Amino acid sequence: MMKTLFAVAALSISAPALAAVQVGAPAPDFEVMSATGEPVSLSDYRGQTVVLEWTNKGCPFVQKHYKTENMQDLQSAAADDGVVWLKVNSSAPGLQGHVDAAGARAETADYETSETAYLLDADGTVGKLYNATATPHMYIVDGKGMLRYQGAIDDRPTAATGDVEGASNYVTLALVALDAGQDPSPAATRAYGCSVKYAE
C-alpha cells in the first residue's frame, strides 16, 4: 500500500491544442532515448504500473517539488511498491529546462532522484502524443496499458513551499486506489505548472 505523501500543484498555463489522451483508454506507446543512452518504450513495462512525470528543472513549480523532496519521496515510495517511474523532459534545445544526456544525469545526481529512467524528448514527440501541457504534468498507466490518471500532482496550485503539507496528492491517491483494485478518484484533473517548452 502506498504511504501518504504530499506534493504541490502549479500555475496553469495554456498550451497548444494537441490531441487528447483519454483516461480509461489505452495509453499511447512510444520509444525514446533515456539519459543513459538506452531506448525506452512504454510497452517495456507492460504488467507494471507506470507513472509519467513531465519535468523542467527551470520551472519554479518543479523546483518546489524537488527542493522540498516531495517528488523524490513519491518516486521512492513508488519504487518500493514496484511502480515504474519515467521522467520525461520535452523542453526543446535553447528553451528553459532543456538538458542533454549528461545534463539529465547531473540533474538526477544533484536532486538524488530515483526515477526508473529519465527520458529525453527534445523534439516533443512524446509530450505531444500525451498532450502534456505543464511541468509537472502527471500520468499513471496500469499494468494492462490503460491510462488511469492524468493531470495535476495535487490540489495546491501555488509555488509556496508552505502549501506542501496538507495538500491532497492526486498521484498518491491514484496509486493507492489502483493497488486496492479500485478506480482512481479523481481520475483526471487540470494540470498546473509552467508550460511545456516545445519547439516553435
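Tutor: The residue that follows α5 is G181, and its phi is positive, near 75°. The model is a predicted one. At the N-terminal end of α5 the cap is N169, with a side-chain oxygen 3.1 Å from the backbone nitrogen of V171.

Between these ends, α5 is mostly covered, with seven of its 10 residues buried. The buried residues are Y170, V171, T172, A174, L175, A177 and L178. An α-helix has 3.6 residues a turn, so residues three or four places apart point the same way.

Helix α5, residues 170-179, gives the most to the lining of the second largest pocket, namely three residues. That pocket holds about 180 Å³ of space. Its lining consists of 11 residues, and those nearest the centre are T49, V83, L175, L178 and D179. L175 and L178 are also among the buried residues of α5. By class, the lining of the second largest pocket has four nonpolar, three polar and four charged residues.

The structure holds one disulfide. It is formed by C59 and C194, with the sulfur atoms 2.2 Å apart. C59 sits in the loop between β3 and α1 (60-67), and C194 in strand β9 (residues 194-195); the pair links distant parts of the chain, 135 residues apart. The disulfide is right-handed, because the torsion about the S-S bond of C59 and C194 is about 90°. C59 counts as buried because its relative accessibility is 0%. C194 is buried too, with a relative accessible area of 8%.

Q75 is in contact with E115, as are W85, K87 and T108, leaving aside neighbours of E115 within four places in sequence. E115 lies in the loop between α3 (101-111) and β5 (117-120). With 12% relative accessibility, E115 counts as buried, the cut-off being under 20%. The side chain of E115 makes a polar contact of 2.8 Å with the side chain of T108. A polar contact of 2.6 Å joins the side chain of E115 to that of T113.

Definitions and conventions. Residues numbered from 1 in each chain as written. Predicted model: local features only at pLDDT ≥ 70, side-chain atom pairs only at ≥ 80, totals over all residues. Heavy atoms only, no water. 1 Å grid on protein atoms, 1.4 Å probe; cavity = no way out; pocket = protein on both sides within 12 Å on 5 of 7 lines; lining within 4 Å. Points joined across faces, edges and corners; volume = space filled by probe spheres on them. Helix = DSSP H or I, 4+ residues; strand = E, 2+ residues; numbered from the N terminus. Nonpolar A, V, L, I, M, F, W, Y, C, P; charged D, E, K, R; others polar. Buried < 20%, exposed > 50% of the residue type's maximum accessible area, 1.4 Å probe, protein only. Polar contact = N/O pair within 3.5 Å; in protein donor to acceptor, adjacent residues only side chain to side chain. Contact = heavy atoms within 4.5 Å. Disulfide = S-S within 2.5 Å.
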